[in-house]
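Please look through the structure below with the sequence beside it.

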Amino acid sequence: MTEQKTSKISGFYKLSIEKRRELIQHFAGLTNEEINAFTKSLPLETADRMVENVVGTFELPLGIAVNFLINGKDYLLPMATEESSVVAAASNAAKIARIKGGFTAECSLPLMIGQIQLLDIPDMVSASKEILAHKKKILEVANLQDKILIDLGGGARDIEIRILDSPLGKMMVVHLIVDVRDAMGANVVNTMCEALAPLFEELTGGRVRLKILTNLADKRIVKAKAVFDKESMGGEHVVDAFLESYTLASIDSYRAATHNKGIMNGIDALVIATGNDFRAIEAGAHAYAARDGYYTSLTRYHKDENGDLVGEIELPLAVGIVGGAANMHPTAKLCRKILGITSAQELAQVIVSLGLAQNFAAVFALSTVGIQKGHMSLHAKNIAVMAGAQGKEIEQVSDQMVLEKKIKLDRAKEILIQLRKTR
Ligand code: MEV
């Protein structure tokens with residue numbers, strides 16, 4: 001009988017780093033060598049192959065969010081972030097979501113869009129007809145660019161024509177739609193667009209300017225849903241308070257920006273941990289949040305007939321598990337193994353669920369105790385260390401400051417002196 005793996009781990013935060021690693025190793029079936037890779041930084045030679053002018057590497061804390069149940073499967077989520085409370089908040093949200101079955105996520109095919117901009121077209125109508133009449137040829141030329149992608153079942157699928165008014169007069173933008181399978185897709189789409197430029201000039205009599213993918217990947221949409229148990233939230237009045245908070249994000253761009261930032265706290269952390277391009281994800285998410293002409297929340301919430309809170313999220317997610325940093329960075333590879341994902345689509349569904357969890361956690365805290373409380377304990381620990389506390393003293397000094405609600409360096413020093421006197 002195979003052992004049932006669960007990501008539901010209580011008190012994970014109380015364990016030593018060694019114990020946490022042991023648990024992860026067991027969960028993900030990692031070798032000793034693999035788990036030890038956590039302590040090694042990115043080799044300089046690898047870094048030197050990734051970007052230019054390398055002089056070193058830059059590290060971030062990597063935490064593990066626990067309790068995630070997504071589409072019936074347990075996941076431990078590696079999160080690379082510099083922000084305190086984020087990993088704990090996500091784990092707590094996932095714990096509450098678990099009570100009602102966890103997250104249900106789905107996604108579209110991994111379709112990316114490349115844009116080819118055409119200027120000085122003498123006749124837009126006949127140019128459009130020419131392009132459509134040669135669609136088969138256009139897709140063939142695109143698909144000659146990447147044999148491996150075709151062998152994997154991907155490739156250019158379709159074209160769409162848009163005619164835009166601009167200060168320079170009318171211009172045409174052709175969208176090339178490409179199934180990029182398990183890649184993020186930027187390289188292949190850009191290569192295809194560049195290769196198609198001469199053909200489009202020939203077909204339209206115009207001039208090609210830009211040939212580049214769009215990060216508004218709105219054909220690569222991922223959604224997740226979860227029900228948050230009202231009792232665990234503190235009762236139906238807390239659900240109502242939550243909905244009041246959420247409503248502001250739904251109607252006001254100032255609040256929506258911060259609300260969505262909370263979503264990206266989770267999404268970016270996992271996107272970075274898996275070696276993906278977080279700027280592409282950010283650009284796509286915010287453009288999608290403004291798709292109806294005004295900037296709004298990427299999540300939606302309502303109360304169900306039971307009084308529980310139902311949360312939903314939807315956004316484009318262009319993430320890959322092959323190519324780029326995802327394949328070069330040893331920690332990114334390890335993180336993928338911990339996740340146990342087998343496709344880019346599965347990764348996207350995990351990421352979007354984390355985004356929903358993170359958003360729920362933030363708005364839940366804001367609607368109840370506020371977020372400073374969560375930040376307080378780690379902040380207090382940092383102040384205790386600055387005051388000179390060591391080992392067990394760190395916890396003792398920080399606990400006392402949190403109790404007194406006075407987290408200041410001078411107070412930390414006083415407590416430390418007192419503590420050492422009484423020993
Ligand atoms: C802080 O990093 C994120 C929050 O501001 C998100 C929010 O306000 O919803 C707490």
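Domain 1 and domain 2 bury about 650 Å² between them, of which 56% lies on carbon and sulfur atoms; buried area here is the accessible area (1.4 Å probe) that two parts lose on being put together, summed over both. Of the area that domain 1 buries against domain 2, 61% is supplied by Arg 220, Ala 318 and Val 322, more than by any other three residues. This is a predicted model, in which local features need pLDDT of at least 70 and side-chain atom pairs count only at pLDDT 80 or more, while totals for chains, interfaces and linings use all residues. Residues are numbered from 1 along each chain as its sequence is written, and side-chain values use heavy atoms, with hydrogens and water left out.

The chain is divided into domain 1 (12-108 + 220-370), domain 2 (111-213) and domain 3 (373-421), with bounds that come from an automatic or database domain assignment.

A polar side-chain atom of Glu 83 lies 2.6 Å from an oxygen atom of the ligand, and a polar side-chain atom of Lys 261 lies 2.7 Å from an oxygen atom of the ligand. On its own the ligand has 300 Å² of accessible area, and the protein covers 86% of this, with accessible areas taken from the Shrake-Rupley method with a 1.4 Å probe, in which, for residues, only the protein chains shown count as cover.

Key
Polar contact = N/O pair within 3.5 Å; in protein donor to acceptor, adjacent residues only side chain to side chain.
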